[in-house]
Amino acid sequence: MKFLFPLLAIVIAPLAAHANELSEQVIAEMNLARTAPQQYAQIVASQMAGYHGVEGDRAVNDAIHFLQKAKPLAPLASSNGMSSSALSHVLEMGPVGGRGHKSGNGSQPWDRMAQFGKWIGRAGENIDYGVHDARAVVIRLIVDDGVSGRGHRKNIFSSDFRVAGAASGFHATYGAMCVIDFAGGFVETPGKVASRSGSPVAPL
């Protein structure tokens, strides 16, 4: 038993590193879709071939058509403060298997962002559950199967959003969750960060 805690430390360290890397990859993947939507239409068509979800193949076809017609947008800048905001939601909701944008104390995404800095313009949030792959997360949010109004897709391709932060981690019900926060701009509060130290993270 005396070796339990050192063993856990050895195991959790690479898992946390994987979660951090995945979060960075999600931002990069969204930027690929924003800056090269026609190229990303081909990626979606390849990755989602044969997919039949809530809407059958309608959602995939709709996403491909959207990307084929979309104008390239500037990439999203990455924000440590907004990543901390996203991480705070992962760490609260993940271990208890919670869902949705409202936290346990009733706060909304913009409330969480305000804990780590000042968001400017509009603000929004996307959440995906159940996958550990950055490309799969972004494609699912762009396809937005079963979501009225394609709100997740609209967030990714909003010209009002110029900065984003992402965090991923363990989810008790779905295995993993990824939270992405967006804003028109963000002024960081120096030294204010969320930490996943001692918290469970997504298994590989």
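Which residues have the most contacts inside the largest nonpolar core? I found Met 30, Tyr 40, Val 44, Ile 142, Val 143, Ile 180 and Phe 182, in a core of 32 residues.

Before going on, I noted that this is a predicted model, where local features need pLDDT of at least 70 and side-chain atom pairs count only at pLDDT 80 or more, while totals for chains, interfaces and linings use all residues. Numbering starts from 1 along each chain as its sequence is written, and side-chain values use heavy atoms, with hydrogens and water left out.

My term list: a nonpolar core is a set of buried Ala, Val, Leu, Ile, Met, Phe, Trp, Tyr and Cys residues joined through side-chain atoms within 4.5 Å. Buried means under 20% relative accessible area, with a 1.4 Å probe and protein chains only. Helices (H or I, at least four residues) and strands (E, at least two) are DSSP runs, numbered from the N terminus.

α1 (4–35), α2 (37–47), α3 (58–69), α6 (134–143), β3 (163–169) and β4 (177–188) each give at least two residues. The largest share, seven residues, is from α6.

So I looked at α6 itself. Seven of its 10 residues are buried, including Ala 134, Leu 141 and Ile 142. Asp 133 caps its N-terminal end, with a side-chain oxygen 3.2 Å from the backbone nitrogen of Arg 135. After α6 comes Asp 144, with a positive phi near 55°.

Last, the whole protein: I noted seven helices and four strands, and 48% of the 204 residues are buried.

Definitions and conventions
Buried < 20%, exposed > 50% of the residue type's maximum accessible area, 1.4 Å probe, protein only. Polar contact = N/O pair within 3.5 Å; in protein donor to acceptor, adjacent residues only side chain to side chain.
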